[in-house]
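This report walks through selected parts of one protein model. Please look over the sequence and the 3D view before reading on.

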Amino acid sequence: MHFVVKFFPEITIKSNPVRKRMSRQLKDNLQRLLRQLDDRIQVRKDWEKIDVIAPDAVAHLGDRIEEVLSHTPGIANFSRVRQFPLGDLHDMYEKTFSVWGPALKGKTFCVRVKRTGKHDFQSLDVEQYVGGGLNKNTEAAGVKLKNPDITVKLEIRHDKLNVIEEQHPGLGGFPLGTQDPVLSLVSGGFDSTVASYLTMKRGIRTHFLFFNLGGRQHELGVKEVAYYLWNKYGASHRVRFVTVPFDEVVAEILERVDDSHMGVILKRMMLRAASVIAKELEVDAVVTGEAIAQVSSQTLKNLAVIDSVTDTLVLRPLITSDKTDIIRTSREIGTEEFAANMPEYCGVISVKPTTRAKIEKVESEENRFDFTVLDRAISNRSIQNIDEVIEEVDGQAPEVEIREEPGNAMVIDIRHPDEEEMDPLELEGCEVQTIPFYRLNNGFAQLDQEREYLLYCARGVMSRLHASHLMDEGYRNVGVLRPQIPHRPESIKK
């Protein structure tokens with residue numbers, strides 16, 4: 001079993017030293033990945049291509065080899081080939097017939113030849129001779145030079161004939177490890193996962209940084225999608241997964257900061273923390289999934305204010321992308337299901353957010369912030385190798401019970417006070433207590449533990465995350481009330 005791997009075109013136009021370095025890195029990456037399948041698989045590089053050769057004993061691994069090749073950055077395309085010593089025109093016809101003869105039955109076809117080296121024939125000579133022989137000696141429907149059912153592809157390289165059985169597109173980009181590393185801020189949603197994928201595809205070793213705002217279940221979900229991305233597109237290089245507990249930082253913002261500036265200041269706090277961790281990991285840039293005007297904090301004015309908090313380079317691969325394009329990419333790379341079931345955390349979205357933040361106002365608001373809270377969050381960070389996080393994912397927390405009706409349980413409305421005030425929850429015959437999510441950890445401990453409680457939020461995301469976190473803390477008298485349309489006073493209905 002033989003595969004021919006072609007370099008991404010941007011590699012081939014580099015200077016000779018750069019091309020050599022990148023092609024060597026791609027060879028090393030493939031060796032590392034394919035060795036995990038079977039150490040008998042050989043990877044050989046020359047100036048134009050990489051050959052992957054698997055002995056007959058590992059022929060059953062063909063599909064898995066193709067999967068590795070299709071997901072490794074730096075590859076334009078790869079082909080499964082049958083390789084033969086180069087003979088005369090008739091010998092080339094016979095070798096091609098042995099591979100393609102039966103497959104042409106009832107199909108139109110043409111023959112295309114690519115040739116490298118000096119020979120006493122032209123590529124057109126081979127196309128005409130082999131094509132004529134196949135047309136005469138098979139049950140093909142005839143030769144069709146434009147839009148045939150089957151294109152028979154041959155490659156002649158010096159003294160070798162490659163009859164291509166199948167050709168597949170590669171991922172493109174540059175080999176992983178040819179660029180300096182980055183630290184990608186991931187939340188588990190569409191944007192951050194696609195942004196991380198794009199940096200990996202570009203050959204950038206991508207570490208992951210997660211700001212935990214929603215408890216253990218959220219953290220496990222993000223670890224799972226980060227592991228998936230790394231394992232599928234970047235497993236040739238080990239990276240780190242960093243978790244920073246940010247719930248106290250969020251609570252401090254909600255308590256101290258003016259509503260309209262909460263989103264911008266949260267992003268500034270994240271960049272401050274990311275810069276410290278990037279320096280520790282010897283990384284010169286951080287990556288975010290922000291796109292212009294997707295949300296209020298992502299206007300050019302706001303992004304400029306956010307970036308002014310750090311000297312660390314901030315990369316935004318999605319900056320001009322449409323949401324539909326981001327979701328389509330997420331579907332193509334396999335992260336759509338993760339993201340769709342793990343919405344972006346929205347606990348600090350302002351009611352009336354500013355779209356034109358002024359640095360003087362932001363700094364004035366931050367003067368009321370207790371920065372020892374941020375320092376404590378950074379110091380309490382945890383760092384794991386990415387290949388270790390899945391062990392924790394496998395031992396997930398107990399499943400949270402979700403109910404349609406409260407029954408005899410007390411319902412705890414954990415929404416932000418502004419949201420609760422605009423849309424109060426009224427359940428007939430049921431006691432409702434309001435405890436904002438950022439006070440829930442301490443507030444829940446003060447409740448009567450002989451009673452049963454159901455957490456409520458508008459979309460059911462926050463309630464599930466925090467119920468899971470409380471269960472991690474040992475509480476078993478907590479569940480979730482499924483979101484519903486509450487009764488609204490007439491003044492609000494109008």
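## Terms and a hairpin

Two strands pair if DSSP finds at least two bridges between them. Helices (H or I, at least four residues) and strands (E, at least two) are DSSP runs, numbered from the N terminus. The model is predicted, so local features need pLDDT of at least 70 and side-chain atom pairs count only at pLDDT 80 or more, while totals for chains, interfaces and linings use all residues. Residues are numbered from 1 along each chain as its sequence is written, and side-chain values use heavy atoms, with hydrogens and water left out.

Strand E2 (residues 42-45) and strand E3 (residues 49-53) form a hairpin with 3 residues between them. The pairing of E2 and E3 is antiparallel and runs over 4 bridges. Arginine 44 stands opposite aspartate 51 in E3.

## An enclosed strand

Which strands does E1 pair with? E1 is joined to strand E4 (residues 75-85) by 6 bridges and to E3 by 5 bridges. The pairing is antiparallel with E4 and also antiparallel with E3. Phenylalanine 3 has arginine 80 in E4 as its bridge partner, and histidine 2 has isoleucine 53 in E3.

Strands of a sheet pair through backbone hydrogen bonds, either parallel or antiparallel. In a regular strand the side chains alternate between the two faces of the sheet. Both faces of E1 are covered: His2, Val4 and Lys6 are buried on one side, and Phe3, Val5 and Phe7 are buried on the other. Here buried means under 20% relative accessible area, exposed means over 50%, and partly exposed lies in between (1.4 Å probe, protein chains only). Strand E1 (residues 2-7) is largely enclosed by the rest of the structure, because 6 of its 6 residues are buried.

## A parallel sheet

An open sheet of 5 strands has the order E15-E19-E18-E16-E17, and its pairing is parallel. Strand E15 (402-403) and strand E17 (432-434) stand at the edges with a single partner strand each, so one side of each has no neighbour in the sheet.

Within this sheet, strand E16 (residues 410-413) and strand E18 (residues 453-456) run parallel and are joined by 4 bridges. Aspartate 413 has tyrosine 456 in E18 as its bridge partner.

## Two helices in contact

Helix H9 (residues 262-280) packs against helix H10 (residues 300-307) at an angle of about 35 degrees, and their axes are 9 Å apart. Axes are lines fitted to C-alpha atoms, for helices over the stretch in contact, and angles run from 0 to 180 degrees between N-to-C directions.

Contact means heavy atoms within 4.5 Å. On the H9 side the residues are Val264, Lys267, Arg268 and Leu271, and they meet Asn302, Val305, Ile306 and Asp307 in H10. The residues of this contact divide into 4 nonpolar, 1 polar and 3 charged. Ala, Val, Leu, Ile, Met, Phe, Trp, Tyr, Cys and Pro count as nonpolar, Asp, Glu, Lys and Arg as charged, and the others, Gly among them, as polar.

## A loop residue

Valine 257 lies in the loop between helix H8 (247-256) and H9. With a relative accessible area of 8%, valine 257 is buried. Leaving aside its neighbours within four places in sequence, valine 257 is in contact with Glu252, Met262, Ile265, Glu365 and Arg368. Valine 257 and glutamate 365 are 108 residues apart in sequence, but 5.7 Å apart in space, C-alpha to C-alpha.
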